[in-house]
Amino acid sequence: MTKPTIGFIGVGLMGHGMAKNIIANGYPLVVMAHRNRVPVDDLLSRGATEAASAKEMAEQCDILHLCVSGSPQVEQLVRGEEGILASGKEGLIVVDCSTSDPVSTLQLAQELRQAGMDLADAPLGRTPKEAEAGTLDAMVGAAPETFAKIKPVLDCWAGLVVHLGEVGLGHKMKLINNFISLGYAALYSEALAIAEKSGLSVEQVDSVIRPGRLSNGFYETFMKWSLERDENAHKFTVTNAHKDMRYLANLANSVGAVTPVQADVRNALAAMEAAGQGQKYLPMLADFVANMNGLKRG
């Protein structure tokens with residue numbers, strides 16, 4: 001049986017590993033370059049082909065992955081003059097693996113459906129390390145028949161695939177997931193600052209938290225910066241984190257939710273980005289909060 005042709009736009013920190021695993025599982029792959037050609041050239045060397053635009057890629061593919069910065073980029077790829085809708089490719093399934101605004105996702109799903117195409121949202125959990133290993137988490141929103149078609153492809157790059165239900169639920173769950181993790185980041189950062197001002201070291205705090213009930217996988221990667229100055233342990237920028245919390249605020253407004261804690265987490269990230277430190281990785285929020293408390297870090 002001939003395997004469907006897969007497209008992939010956004011072969012960056014996460015996307016490269018995902019695309020590599022799609023090729024490794026025998027699927028024909030089409031990729032598109034943006035700023036950095038290194039991952040594109042690597043995938044071409046593994047057997048991928050290259051398209052010049054989203055329109056050209058859509059014309060060649062059956063399932064097209066998007067793994068870009070957020071909703072503005074997804075909207076441009078779908079609606080642009082050389083975008084996916086312009087291809088007129090009936091039956092195409094677009095899989096948005098970006099962390100996108102669910103309000104936008106639902107609008108795009110309707111537009112694609114009217115053009116005879118379909119949209120599934122499949123945002124990601126875990127890190128570039130798991131992307132390379134093919135063991136990411138995927139939170140999927142899709143019609144049952146669409147999910148059945150894309151599931152074998154998702155299994156190429158994900159170790160855990162959870163079908164949550166209709167389109168849009170994947171992106172909603174991703175924002176909830178990120179709110180919890182970013183809430184941890186803000187909490188850990190403030191706790192470490194209070195500890196240090198009280199005469200406790202980072203190592204002393206860690207000696208109690210790590211072996212106890214309050215430890216978790218996020219804690220372990222987040223703390224690698226404060227303990228070891230390992231900047232590669234948790235490669236997620238403050239700018240991206242702040243963007244996700246703006247999307248969640250938009251979602252909360254759309255459903256009338258009261259969110260005082262979410263507002264505090266968002267403002268902590270907004271402050272760091274406003275200070276010109278948006279491209280730093282999330283664990284470095286601990287240094288930013290420490291510096292606000294008059295402690296010399298970073």
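Axes here are lines fitted to C-alpha atoms, for helices over the stretch in contact, and angles run from 0 to 180 degrees between N-to-C directions. The model is predicted, so that local features need pLDDT of at least 70 and side-chain atom pairs count only at pLDDT 80 or more, while totals for chains, interfaces and linings use all residues. Residues are numbered from 1 along each chain as its sequence is written, and side-chain values use heavy atoms, leaving out hydrogens and water.

**View 1. Packing of helices H1 and H2.** Helix H1 (residues 15-24) packs with helix H2 (residues 37-45) at an angle of about 5°, and their axes lie 10 Å apart; helices (H or I, at least four residues) and strands (E, at least two) are DSSP runs numbered from the N terminus. H1 is therefore roughly parallel to H2, a term for angles under 35 degrees. From H1, His 16, Ala 19, Lys 20 and Ile 23 meet Pro 39, Asp 42 and Leu 43 of H2, where contact means heavy atoms within 4.5 Å.

**View 2. Pairing of strands S8 and S9.** Strand S8 (residues 136-141) pairs with strand S9 (residues 158-165) in the parallel sense over six bridges, pairing requiring at least two bridges found by DSSP. Met 139 has Val 162 in S9 as its bridge partner.

**View 3. The whole chain.** The chain holds 13 helices and nine strands.

Terms used. Angles under 35 degrees count as roughly parallel, over 145 as roughly antiparallel, 65 to 115 as roughly perpendicular and the rest as oblique.
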